[in-house]
Amino acid sequence: MPGSAERAPSGAGCHPDAAIHTRALTKRYRGGQLAVDGLDLTVPRGSVFGFLGPNGSGKTTTIRMLMGLIEPTSGSAEVLGEPMPRAGRRVLPRVGALIEGPALYGFLSGRDNLVRFDAADPTADPRTRAARVDAALDRVGLVAAAGKKARAYSLGMKQRLGLAAALLQPRELLVLDEPTNGLDPQGMREIRTLVRELAADGTTVFLSSHLLDEIEQVCTHAAVMAQGRLLTQGTVAGLASSTRGRLAVTTPDTSDAVRVLKEHGVTDLVVVDDRVTGELPTGEPPEDAAPLDLADLNAALVHARVRVRAFGTERASLEDAFVALTGEGFDVAG
Ligand SMILES: Nc1ncnc2c1ncn2[C@@H]1O[C@H](COP(=O)(O)OP(=O)(O)OP(=O)(O)O)[C@@H](O)[C@H]1O
């Protein structure tokens, strides 16, 4: 189906290296709302992929299409190399999902909730159920609280129990919709640690968030959505480095510093009080390290007898990248 506005370089067909691959995926709700507009998304296997966008940008709608919960209006989606929703019965057992909070029975203990989830899975052998449940509780750090009623759990514990349910079977892909939404900082940290651990075991994790900070802390890759459209996707380091940090030098010898920096190709120099900032020459900085010539630059300043109090780059964040992409801050209501 050759579309008109395709940007993905690869042709149609199977994408075995991608955990998720969509092509021109579009959802228009019955009321006319275009929630997802021509989405070309590629989530590499083994990545921790952050699906980022303000409220209402189409993240949940995308996830619901990927999981076969709603039909796309047009376009296609592959999950673990298989077309969705068509191959749902084959694909979904290999995917653990936590969407819009877990459905828990408050009057049951954490352990009994998991027993109930496991029993609802026709492929799960009842003879090994207890071992599976214990392993899942252990995985999310809920062994000590396993006997407590779920309604007495904190929100973070409930999220962890939901994750445990998703982890009763080995999964190739975890899809988490806003997993830290509503959690306190401690709960957020716990979920992030868990995501990192799961990813370290080789599970691909696809998580949506409206928190840039969170994506930056746990994700290797990210895609940025706004108003149903994909603004960009790539490695987190790459996205941030496309908005490079400025060089900043603190010195009492500002005019000498400006001269030396200019000689070394630094541009757009600005002096404010005892601080000189400028754009580093565009070389080919490695994705996640400081540009190569930083040490030489520092040495050159010292050699020219510029007294340097502080020297470094102001690190560009994903937030800077987002602002550069959209020209606006991140807290945009949908
Ligand atoms: N069932 C629905 N019927 C009509 N419009 C909908 C429906 N669900 C979502 N929308 C609209 O589609 C757009 C995208 O919503 P979606 O929930 O996918 O965004 P989101 O990025 O996940 O945001 P949030 O984090 O707030 O859930 C919004 O404008 C929303 O109002």
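Helix axes are lines fitted to C-alpha atoms over the stretch in contact, and the angle between them runs from 0 to 180 degrees between N-to-C directions. In this predicted model, helix α3 (residues 110-119) packs against helix α4 (residues 129-139) at an angle of about 125°, and their axes are 10 Å apart. Angles of 65 to 115 degrees count as roughly perpendicular and those over 145 as roughly antiparallel; α3 and α4 are therefore oblique to each other. The crossing of α3 with α4 is right-handed.

| Helix | Residues in the contact |
|---|---|
| α3 | G110, R111, L114, V115 and D118 |
| α4 | R129, R132, V133, A136 and L137 |

By class, the residues of the contact of α3 with α4 are five nonpolar, one polar and four charged.

The ligand has 14 residues around it, and among these Y29, A35, N55, T60 and T61 come nearest. Helix α1 (residues 59-66) gives the largest share of the shell around the ligand, with three residues. The shell around the ligand divides into two nonpolar residues, 11 polar and one charged.

At the level of the whole protein, the domain assignment gives domain 1 as 18-241 and domain 2 as 247-315. The C-alpha centres of domain 1 and domain 2 are 43 Å apart.

Terms used:
Residues are numbered from 1 along each chain as its sequence is written. This is a predicted model: local features need pLDDT of at least 70, side-chain atom pairs count only at pLDDT 80 or more; totals for chains, interfaces and linings use all residues. Domain bounds come from an automatic or database domain assignment. Helices (H or I, at least four residues) and strands (E, at least two) are DSSP runs, numbered from the N terminus. Angles under 35 degrees count as roughly parallel, over 145 as roughly antiparallel, 65 to 115 as roughly perpendicular and the rest as oblique. A crossing is left-handed if the near helix is turned anticlockwise from the far one by less than a right angle, and right-handed if clockwise. Two residues are in contact if their C-beta atoms, placed from the backbone, lie within 7 Å. Ala, Val, Leu, Ile, Met, Phe, Trp, Tyr, Cys and Pro count as nonpolar, Asp, Glu, Lys and Arg as charged, and the others, Gly among them, as polar. A residue is near a molecule or strand if its C-beta atom, placed from the backbone, lies within 6 Å of it.
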